[in-house]
Amino acid sequence: MAAATTAGTATSAEPKTYLNYIGGEWRPSASGATFDNINPARRSDVVARFQRSTLADVDAAVSAAYEAFAAWRDLPAPARGEIILKAALILERDRDRLAAQMTREMGKPVKETQGDLQTAIDFGKYVAGEGRRAEGETVPSAIPDKMCMTFRQPLGVVGIITPWNFPMAIPAWKTFPALLAGNTVVLKPASDTPLSSAALVEALIEAGVPAGVLNFITGPGGTLGDALVTDPRVAMISLTGSTEVGKHVAELCGRDLKRCSLELGGKNAVIVMDDANLDEAVAAVSWAGFGTTGQRCTATSRVIVHEKVAGAFAEKLAATAAKLRLGDGLLPETDMGPLVNEGRVTAVHEYVEIGKSEGATLVAGGHPVTDGELAGGAFYAPTIFTDTRSDMRIAQEEIFGPVVAIIPVRDYDEAIRAANSTIYGLSCAIFTENARTVFRAMRDIQSGLVYVNAGTTGAEPHLPFGGVKQSGNGHRELGHKAVEEFSEIKTVFVSYPDVK
Ligand code: NAD
């Protein structure tokens with residue numbers, strides 16, 4: 001028997017079908033078609049069904065957001081902040097249930113989905129307060145009887161397009177500040193993880209977000225994304241995804257000079273100097289390289305190691321990788337879950353073959369894992385290459401899987417050259433005990449995030465997050481800058497000469 005829910009319907013035998021959320025109503029797509037949301041640890045487990053939306057749904061969602069804008073903009077920012085704070089508290093209340101649901105949808109172990117959720121919760125609490133802070137400038141005028149000031153105003157409708165690897169944190173990092181700034185939103189999540197975004201939408205609805213202010217549509221990124229990006233009523237696009245898709249979206253936005261905030265790929269390196277604490281570096285690389293199955297934008301995929309310690313480092317890392325337990329992320333003993341889908345297994349394996357043909361030495365993994373229970377999922381062994389050269393494709397291109405390439409170097413200068421040799425610049429780390437080397441690296445590394453004696457991953461909600469070069473287009477998420485990204489400065493001159 002079908003049980004009615006806010007977002008869709010479910011029967012005991014059938015997975016729940018989620019609807020789009022447009023203009024304050026959960027509605028089926030104009031297409032009448034759905035797609036399955038599959039558990040990557042067990043392909044036979046259909047987690048839920050989602051709407052395969054069409055251009056008509058994009059149009060309806062943008063229309064609803066466009067109409068709702070004026071009233072939402074005029075609601076005082078502290079009142080908008082109250083709604084965001086409530087949504088964060090709802091996510092906190094439901095944390096354990098949501099983390100389990102996210103793991104089932106996306107694969108990473110529950111302790112990682114808990115962290116993903118926690119970032120969304122912490123940032124929601126932080127950014128809600130920005131509603132009472134939103135500062136402008138008040139400065140003297142050069143002219144008598146005149147006052148000058150600036151304040152920030154929202155842009156209008158913001159299209160938010162998100163990836164699957166942080167299925168709660170990233171949609172929240174964008175949606176919370178966009179709404180706080182007074183924009184209305186159309187959210188289109190990645191098709192591998194629409195359930196987590198639906199949970200965010202449900203939390204915001206429960207928190208009191210008015211009809212039309214937040215709209216949610218699911219379906220193919222290419223068609224829906226292009227329609228959202230090119231709709232003239234959409235004032236801004238905020239996208240996190242691959243550099244390839246980011247460039248495409250930037251080109252479309254550029255035609256109309258539409259604001260476009262992009263957080264894109266990475267090829268993040270850890271530099272290990274010969275004076276480093278090797279055990280500390282190995283533990284950090286294991287977590288940053290194999291955590292989330294290597295599918296974080298900040299994942300360590302290159303380790304640039306001083307040649308004096310490269311052999312010892314590789315041995316220790318291979319020993320650590322051999323102990324990682326692969327499995328369903330819902331099981332407490334699991335260290336590493338599956339890749340997000342079968343297509344990713346093929347893509348990662350292709351890169352491993354490329355690495356072998358380029359002459360790098362495979363010292364661990366290098367194959368899908370299909371033993372016993374794992375046969376039904378998208379599992380891939382933690383993989384390590386040594387003798388990698390910096391110009392090899394496996395050292396240049398984003399693999400987005402549990403593959404770490406060790407690149408031996410002679411000294412600090414060669415390490416920095418190798419670290420900076422890719423088109424990306426998201427995150428980079430250095431392990432050394434030498435304070436001079438630390439400060440030189442802080443200056444010399446070309447990346448938006450630098451970690452000293454820690455791996456390449458991890459964000460704090462009150463600090464800006466983002467990359468340089470082709471890892472982004474200069475915007476930053478998180479911190480108070482996040483609200484600036486979603487708002488425009490207005491400069492006002494008030495004349496008050498005595499005209500009596
Ligand atoms: P992706 O680029 O394939 O997709 C990202 C989103 O864009 C999805 O919602 C997708 O449906 C949509 N999309 C696809 N084609 C589109 C188009 N033509 N127009 C508009 N939207 C379109 O990326 P993914 O596989 O979901 O995520 C992995 C990528 O995201 C990696 O490259 C990773 O490094 C990057 N990432 C970056 C950050 C960061 O903060 N820099 C964070 C997480 C992930």
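1. The model is predicted: local features need pLDDT of at least 70 and side-chain atom pairs pLDDT 80 or more, while totals for chains, interfaces and linings use all residues. Residues are numbered from 1 along each chain as its sequence is written, and side-chain values use heavy atoms, without hydrogens and water.

2. There are 7 aromatic pairs (rings of Phe, Tyr and Trp, the last by its six-membered ring, with centres within 6.5 Å; planes under 30 degrees apart are stacked, over 60 edge-to-face, the rest tilted). In W173 and F465 the ring centres are 5.2 Å apart and the planes stand at 65°, so this pair is edge-to-face. W173 sits in helix α5 (residues 169-180) and F465 in the loop between β22 (449-452) and β23 (468-469), so the pair ties together parts 292 residues apart in sequence. Helices (H or I, at least four residues) and strands (E, at least two) are DSSP runs, numbered from the N terminus.

3. Both partners are buried (under 20% relative accessible area; exposed is over 50%, partly exposed in between; 1.4 Å probe, protein chains only). W173 has 7% relative accessibility, and F465 has 8%.

4. Y18, F35 and F50 make up one aromatic cluster.

5. Two charges sit over rings (NZ of Lys or CZ of Arg within 6 Å of the ring centre and within 35 degrees of the ring normal). K108 lies over the face of F166, 4.0 Å from the ring centre. R296 lies over W287 at 4.5 Å.

6. G467 is also in the loop between β22 and β23. G467 is buried, at 3% relative accessibility. Beyond neighbours within four places in sequence, G467 contacts (heavy atoms within 4.5 Å) E263, G425, L426, G448, G472 and R476.
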